Amino acid sequence: MVGSHLTLVLLCILGIASARIEDVKQLRDINVEEINTDNYQRMMKMRHLAIEFFDYYENITATDLILPGTRLPNLQDLQCLAEVAQLTQALQSGSLWALRMIDSWGRLPAGLLYGNTRDLGNFDECIRVNQEIALTGQTIRGKYCFANLVSVSLLRVRTAVCFPSACTADHMDTLLRQLYQRLLNIELNANSRLVDESTCQTSEKEPLDGLAIFTVTLIGVLLGILLLCTLYDYFLCEDQKNMPVIVKIFSARVNSRELFRIVDSKTNPNVIDCLHGIRCMSLIWVVFGHDYALVAVGPNINIVDFLPWMKSAFSMFIVHGLFAVDTFFFLSGLLVVLVAMRAVEKSKGRINVPLMYLHRYLRLTPMVGLAICAYMSILPILGTGPLFKSFAATNSNSCEETWFWTLLYLQNYVVPEKLCLEHSWYLSVDMQMYLFAPFLIMALYKWGKKAVAVIVVLTLLLAGCLFSMMVIKGYSINSANHMDKIYFATHTRASPWAIGLLFGYFLHVNRGKSFKLNQLTVWAGWISCLALIFSSLFGLYPYAANGYSLPILNEAFYVTLTRISWPMALVWVVFACKYGYGGLANSFLSSPLWQPLSKLSYSAYIWHILIEQFNTYTSRTNTYFSDYQVMLRFWSDFGFSVLLAYGMYILVEAPTGGLQTWLLPSGKSKAKPKTLAAPSKANEEASAPELEPKAVTVT
């Protein structure tokens with residue numbers, strides 16, 4: 001069922017949606033009328049689970065907590081038993097703290113047959129219970145956990161429970177298992193867990209570890225330098241032209257001025273204005289698509305509405321948000337050759353390859369490194385919520401195992417199943433293709449059209465490799481198990497980058513020239529461009545959207561050809577906008593309003609996932625899925641992402657670029673004429689690589 005599977009693939013890419021994907025799959029296969037009504041009616045008895053629980057364990061004993069014949073009670077068992085007994089006594093006397101504890105329990109989710117499979121209870125009401133018992137001197141704290149309920153048909157149902165913190169997940173599992181057996185009169189599988197410790201949380205905070213202290217200290221030092229340099233700039237520097245270099249590099253005032261400075265293409269023929277708009281629209285598309293993916297794994301009360309949504313024409317724009325990645329690959333190849341060819345010509349065929357690589361690495365890595373530190377150590381202590389602990393633990397564990405490969409830009413091949421920063425696979429692919437850029441550029445410089453022919457053949461061979469892999473080995477874009485072979489692999493994603501490289505060479509060779517096209521040619525160009533775009537987006541609609549299985553041969557043709565057709569459509573868009581045939585498209589894409597956001601696009605790419613995930617996993621209540629609700633969510637996520645990107649730009653990105661320009665001045669003439677952005681000339685060339693890596697984004 002390709003239509004639904006493509007959406008599931010979008011979720012799998014993020015590595016965060018496995019449980020919710022199963023719910024969607026299960027709902028797709030369930031006929032509500034076929035649900036066993038006896039099982040459903042049994043579950044109705046658990047709608048007030050907290051009341052049932054404390055009625056049943058009104059006189060709790062050690063035999064309830066530890067099954068007879070298993071083991072002797074230990075100190076923690078006795079402490080849990082004592083605190084549960086204190087709680088039941090407090091309930092009988094009507095103590096407010098005890099009532100709050102049972103009031104925080106979840107129920108059987110309302111709208112279960114509509115896809116509401118989780119009741120989050122009241123997280124804060126539970127963990128804020130902190131009651132000292134005067135007679136014993138004990139302090140009872142609330143412990144919030146998720147508990148699995150007996151399934152209705154295929155659905156996996158979970159609800160929130162609140163216990164004294166002295167009790168472990170094993171204690172809760174034992175108590176709930178006995179209660180379920182009494183209420184439902186069924187024997188539960190001894191191997192299935194009802195409560196997992198990984199879902200349990202209390203109000204106690206873990207102490208900062210060494211990495212967290214290092215990260216906070218590093219950010220504090222950077223903020224201190226930023227503040228001092230900015231104050232010096234405002235109050236002590238009368239002549240902006242004679243400002244000390246270090247102040248110029250770190251001053252928020254200088255970097256903000258450069259960020260919002262508009263470059264006029266009329267004064268610089270090297271500027272291609274429409275690239276700013278293309279980059280920003282693609283970034284918006286990616287953030288919007290990620291919001292859909294994260295909303296889909298949230299605690300929605302209407303999962304069944306995903307099924308008709310997947311069959312809608314609008315869903316194709318979200319499912320095929322992966323074309324935004326191809327857009328960025330295209331822009332990357334285009335800008336690399338435009339800038340590097342000018343540098344090679346100025347140096348008469350000489351290129352400092354190691355320095356070129358060093359500039360790229362130093363330009364991308366500081367932001368990535370800080371993001372890794374934040375995901376591993378800062379994010380887990382920032383948020384709370386029913387879903388937050390498991391999310392933070394998953395991110396942190398992945399980064400602990402694979403951060404090294406992320407900084408080496410090899411994670412797409414070495415550890416594709418455990419990516420640190422799920423969206424960072426793009427950086428690896430782009431960096432690996434960049435390693436070949438100097439040799440291709442030198443070939444174009446020395447052999448011209450012959451090198452073009454070789455690159456064209458190489459592009460076709462790579463496309464043929466992708467096609468062959470899918471047909472012969474059965475790799476499918478609809479299978480999460482094959483993502484590392486056909487989605488993350490550099491050799492399967494190189495076609496758009498190579499097309500951008502060839503088009504960039506065409507623009508370089510024809511710089512300064514004008515093209516006179518008749519009206520018929522212009523119309524033919526735009527019609528062909530739009531045909532390529534809409535066939536890529538809707539080539540599988542409504543066939544796949546209605547749930548029909550697509551033969552692997554058809555799928556291979558679609559995947560392979562769209563990775564060529566999409567960048568070919570962009571070739572015409574850029575050509576038409578640059579040479580005066582863009583019309584309204586050029587007016588929109590070349591608006592100077594795009595330029596500041598375009599310069600922030602790399603920071604926004606790195607940090608937008610943090611904002612989106614934080615907002616998703618700090619949810620306290622169930623949510624409702626609809627296009628309008630996602631749109632509301634998008635504007636808040638995108639706004640905060642841009643604000644955070646601005647902060648990281650003036651704190652990390654602009655200063656590191658300035659330091660490169662200061663410490664590696666030879667790089668401007670022998671490698672990449674422009675690195676991250678020297679404060680004095682941050683945006684002199686809109687086509688410089690400064691804007692290229694900021695185009696990085698994923699779906």
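**Legends to the close-up views**

**View 1. The crossing of helix H20 with helix H23 is right-handed.** A crossing is called left-handed if the near helix is turned anticlockwise from the far one by less than a right angle, and right-handed if the turn is clockwise. The model is predicted, with local features needing pLDDT of at least 70 and side-chain atom pairs counted only at pLDDT 80 or more, while totals for chains, interfaces and linings use all residues. Residues are numbered from 1 along each chain as its sequence is written, and side-chain values use heavy atoms, with hydrogens and water left out. Helices (DSSP runs of H or I, at least four residues) and strands (runs of E, at least two) are numbered from the N terminus. H20 spans residues 425–447 and H23 spans residues 490–509, and the two pack at an angle of about 45 degrees with their axes 10 Å apart. That angle makes H20 oblique to H23, given that angles under 35 degrees count as roughly parallel, over 145 as roughly antiparallel, 65 to 115 as roughly perpendicular and the rest as oblique. The axes are lines fitted to C-alpha atoms, for helices over the stretch in contact, and angles run from 0 to 180 degrees between N-to-C directions. On the H20 side the contact (heavy atoms within 4.5 Å) is made by Trp425, Val429, Asp430, Gln432, Met433, Tyr434, Ala437, Leu440 and Leu444, and on the H23 side by Thr490, Arg493, Ala494, Trp497, Leu501 and Tyr505. Sorted by class, this contact has 11 nonpolar, 2 polar and 2 charged residues, where Ala, Val, Leu, Ile, Met, Phe, Trp, Tyr, Cys and Pro count as nonpolar, Asp, Glu, Lys and Arg as charged, and the others, Gly among them, as polar.

**View 2. Four strands form an open sheet with the order E1-E4-E3-E2 and mixed pairing.** Strands E1 (118–119) and E2 (130–132) stand at the edges with a single partner strand each, so one side of each is left without a neighbour in the sheet. Two strands pair if DSSP finds at least two bridges between them. E1 and E4 (residues 158–164) pair in the parallel sense over 2 bridges, and aspartate 119 has threonine 159 of E4 as its bridge partner. E3 and E4, by contrast, pair in the antiparallel sense over 7 bridges, with cysteine 162 of E4 as the bridge partner of tyrosine 144. Of the 7 residues of E4, 6 are buried, so this strand is largely enclosed by the rest of the structure; buried means under 20% relative accessible area, exposed over 50%, and partly exposed in between (1.4 Å probe, protein chains only).

**View 3. Helix H9 (residues 169–184) lies across strands E3 (139–148) and E4.** The helix runs at about 60 degrees to E3. Alanine 147 belongs to E3 and counts as buried, at 0% relative accessibility. Leaving aside residues up to four places away in sequence, alanine 147 touches Val157, Arg158, Thr159, Val161, Leu176, Tyr180, Leu194 and Val195. The C-alpha atoms of alanine 147 and alanine 169 are separated by 9.5 Å, the two residues being 22 residues apart along the chain.

**View 4. Helix H4 (residues 49–56) packs on H9 at an angle of about 100 degrees, with the axes 11 Å apart.** H4 is therefore roughly perpendicular to H9. Leu49, Glu52, Phe53 and Tyr56 of H4 make the contact together with Leu175, Leu176, Gln178, Leu179, Tyr180, Arg182 and Leu183 of H9. This contact has 8 nonpolar, 1 polar and 2 charged residues.

**View 5. Lysine 348 and tyrosine 409 each have a positive phi, without being glycine.** Most residues other than glycine have a negative phi. Lysine 348, with phi near 60 degrees, is placed in the loop between helix H16 (323–346) and helix H17 (353–382), and with a relative accessible area of 69% it is exposed. Tyrosine 409, with phi of about 60 degrees, lies in the loop between helix H18 (388–407) and helix H19 (411–414), where its relative accessible area of 2% makes it buried.

**Overall setting. The protein has 30 helices and 4 strands.** Of its 699 residues, 57% count as buried. Among the contacts in the protein with a separation of 6 or more, 77% are accounted for by residues 24 or more positions apart.
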